[in-house]
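Keep the model open as you read.

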Amino acid sequence: MAPPTTHVLRVSRLPAAFLRARPGEGQPTPREVLTAAAAPFGFSGELAVLHSARAALIEMESAAAAEAMLAHHAEVPLSFGGRAVVLEPSTERVQPRPHSEHSAAAVRAECERCVCSLVAQLERREERENAVRRKQRHAAHLAVMGRAFASHSFEKSVCWPHFQRAGLGGCDRSGCKLSHAGPVRFCCMPPRLRTFHERETYPYAHRESSAQKLAVNAALTRHAAAHRVGPRCVVLDGPGGGTARALLASEELGTRAELVHSPNFCTPTYAELGRTASGGTPFLGSLRAFLDSRRCPREGHAQPRVQPNGGSAGVLAASPLFGVVSADYCCRCVRRDLRRLCEESLNIHFHPPPPPPPLLRRSLYAGRHDVELSPVHDLITLFGSQLLGPRAVLAITLARPDADKGRFPHEVRAAVAAAVGEPDAASGDAAAAGETDAAVLCGAVSRLAAHSNFRSELCESFDFEGTFVQIWRLHTAGG
Ligand SMILES: [Zn+2]
Ligand SMILES: [Zn+2]
């Protein structure tokens, strides 16, 4: 039996633009247009688009249908996209096509398989490169630490764990011979006991240039200028120095890079801030170590002149009192996660699912195990230090604790009560537990401020997803 070759028509010289149309792009696809053109004459439903030949094969229901179409287009030339095409009988065969739905599923499965294996390959390559990078990063970390602390001497007779763990009752070693007598300065703690990170943990790309952060920086600068504060500032900032930059850009505030202190315990960020200098003067260490170091008599602990590049950072001629204190405690390890990226952007799913990225966000209750990182103890230190100018602006950004983490408002209140030397007049834990973190923080600031003879006025607060920001104006009761 002869194959039904006479039913097939070949359309050639199809315009390239016509062949480019893809499903879902608004334009009908070549297959749809060709089907519509053949349908009136008796189209069998079998069609092949030969992209490389810029042609198509159409199988008609019968030889008569093929002839009818040929006859019609002999009079009315067939054209697509404004260009005439050639229609002629063909002896070729249209290869049967798998059912389109089945094909879509198969294509999708194949794509998923390809993407997954590509990701696995990239991950293996990245793992090898990361190992090299980790080594380099660690070497750079040690080099920065070495330069920053080369000539420093540290307190060796103090039982540091006792002060680090003050929130949990202090030293638990029986017969500990080291000194438990305070107060101590965290800048005098040997660096190996302190917190330093060798990689950046601040979500630079996500948060520092975000509209939220810009709004907070604008509000901070506006309040500082309106409140006519002094030019010395301390900012807990990201590697781009966004907040420091905003403060430095304000003409009304009239501050200078050497008066804007940026403590940071990430060595790469510290080095980066030192390189650019547009983000103020970096200090290697936590905010707590920085505050403690301001009046530390030990050589170099205030780090005013030490720069990552070994240069000099100018002099500390202006008043040592702070006009602006801005602490953004929200840092978060952002790991470039290929699997997560694929899941989000391509809607492709991995088995097992990728683990969530590690979080390192500081909530109001951070630092229970390490006082050096406790926002509450930073506030206690700040107000107790007499480092605040007679007029000052204070801004605090904190993460909300994760849903599965506990809240410890009573511990915050107890720490504040101990600092101001008054019993906690709280209406009990039950009442405190009902308070929001913002309210607990606000209560702590107003109590600490009042105890240091400051009037505090909460002048702005931001409520973001996952974080909140509060800004206060402070002035001495007489000022
Ligand atoms: Zn001890
Ligand atoms: Zn010190």
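Strands β2 and β3 (residues 55-60) pair in the antiparallel sense over six bridges. Pairing here requires at least two DSSP bridges between two strands. Leu 47 has Ile 58 of β3 as its bridge partner. Helices and strands are DSSP runs, numbered from the N terminus: H or I over at least four residues for helices, E over at least two for strands.

This is a predicted model, in which local features need pLDDT of at least 70, side-chain atom pairs count only at pLDDT 80 or more, and totals for chains, interfaces and linings use all residues. Residues are numbered from 1 along each chain as its sequence is written, while chains are lettered from A and ligands numbered from 1 in the order in which they are written.

Now widen the view to the sheet. It is open, has four strands in the order β2-β3-β1-β6, and its pairing is antiparallel. At the edges sit β2 (43-50) and β6 (86-89), each pairing on one side only. From one strand to the next, the twist averages 20°.

Two helices lie across these strands. Helix α2 (residues 30-38) lies across β1 (8-12), β2 and β3, and runs at about 140° to β2. Helix α3 (residues 63-75) lies across β1, β3 and β6, at about 145° to β6. Axes are lines fitted to C-alpha atoms, for helices over the stretch in contact, and angles run from 0 to 180 degrees between N-to-C directions. Contact means C-beta atoms, placed from the backbone, within 7 Å.

Turn next to a helix pair. Helix α12 (residues 375-384) packs against helix α15 (residues 437-451) at an angle of about 20°, with the axes 9 Å apart. That makes α12 roughly parallel to α15, a label for angles under 35 degrees. From α12, Val 376, Leu 379, Ile 380 and Phe 383 meet Ala 444, Val 445, Leu 448, Ala 449 and His 451 of α15. By class, this contact has eight nonpolar residues, one polar and no charged.

Then comes a hairpin. Strands β12 (residues 454-463) and β13 (residues 467-476) pair in the antiparallel sense over nine bridges. Phe 454 has Thr 476 in β13 as its bridge partner. Three residues separate the two strands, and Gly 466 in the turn has a positive phi of about 90°.

How far does confidence reach? The protein averages a pLDDT of 83, and 84% of the residues score at least 70; pLDDT is the predictor's confidence in each residue, from 0 to 100. Over residues 306-317 pLDDT stays under 50. Where pLDDT is low, the predicted coordinates should not be read in detail.

Methods: Parallel < 35°, antiparallel > 145°, perpendicular 65-115°, else oblique. Nonpolar A, V, L, I, M, F, W, Y, C, P; charged D, E, K, R; others polar.
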